[in-house]
Structure formats: C-alpha cells, structure tokens
Amino acid sequence: MSRTAPRAARYALRVAALAAALGLWQLLTSLDVDVWLRFSQFPTVTDVAHAFADRLAGADYWTDLTDSLTRIVTGFLLAAVLGVAGGVLVARSRLAEDLLGPLLEVVRPIPAIALVPVAILLFPSNEQGIVFITFTAAFFPVLVSTRHAVRALTPVWEEAVLTMGGGRWRILGSVVLPGALPGIFGGLSVGIGVSWICVISAEMISGQYGVGYRTWQDYTIVNYPGVFVGMLTIGVLGWLTSTAVELLGRRLTHWLPRTSYVPGTRPAATAPRALAPARPAPAAVRTERPSDPEEARDEHLV
C-alpha cells in the first residue's frame with residue numbers, strides 16, 4: 001500500500017470531523033436547544049455563511065484584513081529579531097544577564113494586553129501602540145526559548161571550533177544559532193499565537209479598522225453573525241501564520257533527524273536474539289598466554 005492512502009484517509013477523517021462539528025452546530029441552533037447552554041442565542045451556520053459572503057463583497061473586510069496583518073507582521077518580525085538577539089546575549093554574557101535579567105523577569109509576567117494604557121500614553125498614534133502590544137506579546141516567548149536553547153548546547157561543539165582557530169563570530173554563526181534553531185522556532189510558534197490574541201484585543205480597545213475592531217463593533221450593534229465572521233477570520237489567519245512559521249522552521253532545520261512515529265501505531269516488537277555461544281579460536285591462531293604473573297598483569301593493563 002502506498003503512503004498516499006493513509007495520508008488521504010487522515011485528511012478525509014479531519015474533513016469529516018469538521019463537517020460533523022458544523023452539522024451539530026446547525027442542528028442545535030436551528031432547534032433552539034436550551035439545556036444549560038443557550039444555543040437559541042447563537043446564529044446558525046447558514047446565517048454566518050450569509051454574513052461572511054456579504055462581508056467578502058464589501059471593501060471594509062479587506063481593509064480590516066490588511067490592517068491586522070500589517071500590525072501582526074510588523075510587531076512579530078521586531079519581536080523575532082530582538083527576541084533572538086536578546087536571548088543569545090543573555091545566555092552567553094554574564095554582564096548582560098546581570099544588567100537585563102532582573103528587568104526582563106519583572107516585566108515578563110505582565111500580560112501584554114495590560115500594557116495598553118502604557119502604549120496609549122507612550123506612543124503618539126494608536127497604530128504604533130498596537131504594534132507595540134503585538135511586539136511585547138511575542139518578544140518574551142522568543143527571548144525565553146532562545147535563552148534556554150542556547151544554554152542547552154553542548155560545550156564540545158564550541159571547543160571544537162576554538163580548536164580549529166575560530167573566533168566568537170564563527171562560534172555564533174556555526175554553532176550557537178544553528179544549534180538553537182529548534183528552540184528558537186518553538187518560541188516563534190508560541191509567539192505568533194500570543195500576538196494574534198493581543199493584537200485583536202488591542203484593536204478592540206483602541207483600534208481603528210482591523211479584524212478585532214470590526215468584531216467588537218458587530219457585537220455592540222448586536223450583529224452576532226458578524227461577530228462569528230470575525231472569530232472565524234481570526235482563527236483562519238492565526239492558523240495560516242502559525243503554519244507559515246512551522247514550515248519555515250522545518251526548512252531551516254532540515255538537517256535534524258525526523259521521527260518516523262505515526263500516531264495510533266506501535267512499533268513492531270522484535271524478539272530478542274539469543275546470544276550465540278562463543279567459539280573457541282582455531283588452534284592455528286591461538287596465542288600462548290604468558291606464564292609469568294607480572295607479564296600477564298602488564299598485558300591486561302595494556
């Protein structure tokens with residue numbers, strides 16, 4: 001059986017699961033089921049589909065989409081560059097760790113969305129403030145993952161480069177950054193998801209245009225199908241950007257060994273092989289053991 005058959009079966013199962021979820025949503029909302037959860041307040045799948053088609057036909061939807069993507073890309077790229085640089089610096093410099101470490105550890109637990117008042121007071125425009133919130137949300141996951149990845153590198157690689165005459169920049173380019181790439185992209189994957197959460201929240205609070213701003217406006221005018229259109233748009237955009245980061249990480253770390261594990265399967269058990277009895281050496285190749293105890297001890301040590 002070719003490998004495409006199991007893969008096609010998995011994709012078919014995913015599509016079936018999504019279709020089943022949508023069908024259950026349509027059934028519960030169309031029948032106005034109220035059993036603790038009030039599905040009668042929800043729009044149906046068909047209502048959301050009609051609202052989504054109407055939104056696609058207008059220019060505001062694409063303007064909101066462009067603004068949100070511009071904010072997320074700008075803030076995330078700044079966080080990626082400065083987060084990786086800061087993580088490497090803190091991990092490899094005691095002076096940087098002593099100077100920046102306490103400040104970063106104090107600021108890191110503060111949720112990025114709680115910095116919205118600071119962004120409003122600090123930046124002259126709402127646009128710059130939203131980018132700042134997005135940057136802050138992604139910066140600390142990237143910084144922390146980079147710092148741990150660099151500290152986990154084995155010193156043998158660095159010593160090998162030093163032995164061959166390489167300097168600090170050579171070590172950074174050929175050992176530190178390549179070796180820390182898996183951890184760096186782990187932080188980037190987390191950072192892009194947190195960035196979407198915070199950019200949407202910032203747009204709801206102080207934005208003008210954007211997916212989050214439009215979703216909140218639909219909620220204030222009790223346009224619930226429009227709210228679900230915004231939620232689905234956010235989910236699709238987050239999935240696409242996270243997938244892009246993951247694919248880039250796989251491309252840059254193609255030299256890593258890939259696991260052959262397939263979910264739902266177990267490796268075949270292999271029976272232990274019996275140890276074959278040792279064969280005596282032929283008489284022609286047997287060597288005589290020394291008769292002197294001192295000579296035998298010396299031979300054993302060698």
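Student: What makes W25, F39, F42 and F228 a cluster?

Tutor: Ring pairs link W25, F39, F42 and F228. Rings of Phe, Tyr and Trp (its six-membered ring) pair if their centres lie within 6.5 Å; planes under 30 degrees apart count as stacked, over 60 as edge-to-face and the rest as tilted. The structure holds 9 aromatic pairs. This is a predicted model: local features need pLDDT of at least 70, side-chain atom pairs count only at pLDDT 80 or more, and totals for chains, interfaces and linings use all residues. Residues are numbered from 1 along each chain as its sequence is written, and side-chain values use heavy atoms, with hydrogens and water left out.

Student: Why is the pair of F42 and F228 called edge-to-face?

Tutor: The centres of F42 and F228 are 5.2 Å apart, with 65° between the planes. The distance is within 6.5 Å and the angle is over 60, so the pair is edge-to-face. F42 lies in the loop between β2 (37–38) and α2, and F228 in helix α10, so the pair ties together parts 186 residues apart in sequence. Helices (H or I, at least four residues) and strands (E, at least two) are DSSP runs, numbered from the N terminus.

Student: Why does F228 count as buried, and F42 as partly exposed?

Tutor: Buried means under 20% relative accessible area, exposed over 50%, partly exposed in between (1.4 Å probe, protein chains only). F228 has 14%, so F228 is buried. F42 has 39%, so F42 is partly exposed.

Student: Why is the pair of F135 and F139 called tilted?

Tutor: The planes of F135 and F139 are 35° apart, and the centres 5.4 Å. F135 and F139 are 4 residues apart in helix α6 (residues 126–151), separated by about one helical turn.

Student: How do you know that R55 and D218 form a salt bridge?

Tutor: A salt bridge is a side-chain nitrogen of Lys or Arg within 4 Å of a carboxyl oxygen of Asp or Glu. The closest N and O atoms of R55 and D218 are 3.0 Å apart, so the pair qualifies. R55 is in helix α2 (residues 45–57) and D218 in helix α9 (residues 211–220), 163 residues apart.

Student: What makes R55 and D218 buried?

Tutor: R55 has 18% relative accessibility, and D218 has 6%. Both values are under 20%, so both residues are buried.

Student: Why does the contact of E246 with R250 count as a salt bridge?

Tutor: The closest N and O atoms are 2.9 Å apart, within 4 Å, so E246 and R250 form a salt bridge.
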